[in-house]
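Hi,

Here is the structure I promised to pass on.

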Amino acid sequence: MNRPNMLIVAASLALVNVAAIAASATAPVAPATALVATNPFAKLSTLPFHYPAFDKIKDEHFLPAYAAGMSDHLREVDTIANNRKAPTFDNTVVALERSGQLLTRVATTFSALQGANTNDTLDAIDREMSPKLAAHNDAVFLNAKLYQRVKTLYDKRAKLGLDAESKHLLERYHKDFVRAGARLSAEDKEKLKAFNSEIATMQTTFTQNVLKETNASALIVDTRAELAGMSDAAIDAAAADAKTRGHDGKFAVALINTSGQPPLAVLTNRAVRERLMSASLQRGSRGGEFDNRAVVVKLAKLRADRAALLGYPNFAAYSLEDQTAKDTGAVNKLLSELAKPAVTNARKEAEDIQKVIDLEKGGFKVGAADWAFYTDKVRAQRFNFDANQLKPYFELDNVLVNGVFFAAEKLYGLTFKERKDLPVYHADVRVYDVFDANGKQLAIFLADMYARSNKQGGAWMNEYVSQSGLMGTRSVVANHLNIPKPPAGEPTLLTVDEVKTTFHEFGHALHGMFSNVKYPRFSGTNVPRDFVEYPSQVNEMWMIAPEVLANYAKHYKTGEAMPKELLDKVIASKKFNQGFLTTEYLAASLVDQRWHQLSAAQVPSDVLGFEAAALKEAGVDFAPVPPRYRTTYFSHSFSGGYSAGYYAYLWSEKLDADTVEWFKENGGLQRKNGDHFRKTLLSRGGTADALDLFRNFRGREPKIEPLLNRRGLNAN
């Protein structure tokens, strides 16, 4: 997942990514006079590429830096808006691009730390700043004089002699202002401000509730025997976790953010599996201080009301207008067309699982708690291998350095050098200099791979500094995963999904590092949400490329390469369990759309009842396959970043699957192919229409057949 750097907007408001406006650049337009010099945000970091001085940044620095940053930014905006000279592209649009640099520095760093390494103080700052930043955003984009200057330029854009990127920037700014409410009456602007403030507050509440509820919902068991099937090291870790939670002598199985939980694949005790599945599915709806049901209702109504004020029938219509999908009809069509074949395949897979259960005289019908455990047995029967056979060949350092980095070297000519001299916010974070094929340093890359109780769930990429020719900046990019950290001295062995995620997130990192644009507004991953996942999904293809796999898939003890017959089985099983995977994803995507295609008057009070009805109506209410995320812990949807946009992964995968075919047709892992992908698409950021970039790369419109074939859905 790409996690937007949220400077002065909540991502769900779909306003301009103001983190991109400034992008941590050169000295501020106006000095940070209100900020004491000892505050590390008062001036640019002197570290390479303006890398954050994590060793100097303390919690108490954020609030004063935010206050000074907002003050400086508003003063800069006021100067632009009240310029007595006639508006020009340079004195209005470029000036806006250069504004807000102090605010960018503090907000990008705070957002990253609050997601990856939070504490009670940072959470409190987040709650305090969310409505203030929303109000600040309104002060910029509801400034009538500022909008009039942008509109004056927009109306005569064809006569300004602008280059293509500059013309696109002007059009983008005008669209941002309009979508932010610049055309509303004074009275309606006040209503909009109230909505924006409340939405920002509720999104923050939802996000913090999810993390706290996930931590509070860990499964506690009494005996080691109940965790049979888990490795000794994992059980030891569960004992240590329980002790830290105040349950000395017991065992704690921590949860991750998805509905499915990794231990379900190995736990032999069905009663424990069912308890674990139940704990996962009930998150956010159990009552108590972290219950998210009322938050969901309030947030859905606020978003719908805000969309109506801006002239849209619902929030999804507002959100999708700014994506490549364009409207709800296109998204609904995609999801509905795939729902029936996906569930049909899932039911066939359930029948295969039931046969194994019956042969073992289990005496029960397959349920959600059983799927992962028995799917591995079906896989073992059908392909004669157990997924656990792979883990010894997927040691984290080998995967990252000899797999992910190696593929980037072969495809793009990149090289990586780890450095220990730069400060980090947690001891587990690793830092690398990234060098281009010509030997010149391209970027700095941070790898934060391990799960922590104070770290948001899932996996994501963010940027501390974005590339910009205007600002003279290059990328500082980070990847964050949630891989369970083994006990000291034990190797970190990854599942296939974790290997895939490592390659995926680095695809986002490449998108950021390869950015070669003038304006920070267009840097790196500042592209439509339903396009941003596309390059990262493409990068997943290299995890099983023979040349790459041979370089990293080596037994952590012996160093022996993964046997070819095992690799052949992995490749042969690629379409295995796709019914389940597609159905759980579609179910979540459909729930996301149903919530956001409601008017405020249609928003129900019964959250779980509405979810169940939506799944049934869409034909994906198959109990053994629950949604990948249920409403009450669906952070993609209700925390902001992918609101009305969870479909984006599937939308992007259509482009991804077609692109994978292009690489195969043109010889695969070769520099000429990587250079073409980089030049025509990865380096272009948001400088042109996203689908035009795809057409420039591929030479034609995207086709859906490669996606259907990949997921095994074309036969139904």
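F663 has a relative accessibility of 0%, so F663 counts as buried (buried is under 20% relative accessible area, exposed is over 50%, and partly exposed is in between, with a 1.4 Å probe and protein chains only). Before going on: this is a predicted model, where local features need pLDDT of at least 70 and side-chain atom pairs count only at pLDDT 80 or more, while totals for chains, interfaces and linings use all residues. Residues are numbered from 1 along each chain as its sequence is written, and side-chain values use heavy atoms, with hydrogens and water left out.

Back to the aromatics. F531, Y534, W542, W662, F663, F677, F694 and F697 make up one aromatic cluster. In total the structure holds 46 aromatic pairs (rings of Phe, Tyr and Trp, the last by its six-membered ring, pair if their centres lie within 6.5 Å; planes under 30 degrees apart are stacked, over 60 edge-to-face, and the rest tilted). Take W595 and F638: the ring centres are 6.2 Å apart and the planes are at 80 degrees, so this pair is edge-to-face. The pair links distant parts of the chain, with W595 in helix α20 (residues 578–596) and F638 in helix α22 (residues 635–638), 43 residues apart. Helices here are DSSP runs of H or I with at least four residues, strands are runs of E with at least two, and both are numbered from the N terminus. W595 and F638 are both buried.

For F663 and F697, the centres are 6.5 Å apart and the planes are at 35 degrees, so that pair is tilted. This one also links distant parts of the chain: F663 is in helix α23 and F697 in helix α25 (residues 690–698), 34 residues apart. F697 is buried too, at a relative accessible area of 2%.

Helix α23 (residues 648–665) also holds D658, which counts as buried at 1% relative accessibility. What does D658 touch, leaving aside neighbours within four places in sequence? Its contacts are F694, R698, R700, E701, P702, K703 and P706 (a contact means heavy atoms within 4.5 Å).

Next, have a look at T324, in the loop between α12 (315–320) and α13 (328–359). T324 is buried, with a relative accessible area of 11%. Its side chain makes a polar contact with the side chain of D530 at 2.9 Å, and another of 2.8 Å joins the side chains of T324 and W651. A polar contact is a pair of N or O atoms within 3.5 Å; within protein, one must be able to donate a hydrogen and the other to accept it, and residues adjacent in sequence count only if both atoms are side-chain atoms. Beyond four places in sequence, the contacts of T324 include P528, F531, A690 and L691.

Now the strands, which pair if DSSP finds at least two bridges between them. Strand β3 (residues 415–419) runs antiparallel to strand β4 (residues 430–435), joined by 5 bridges, and F416 stands opposite V434 in β4. 6 bridges join β4 to strand β5 (residues 441–450), again antiparallel, with F435 partnered by Q441 in β5. β4 and β5 form a hairpin with 5 residues between them, and G439 in the turn has a positive phi of about 90 degrees.

Cheers
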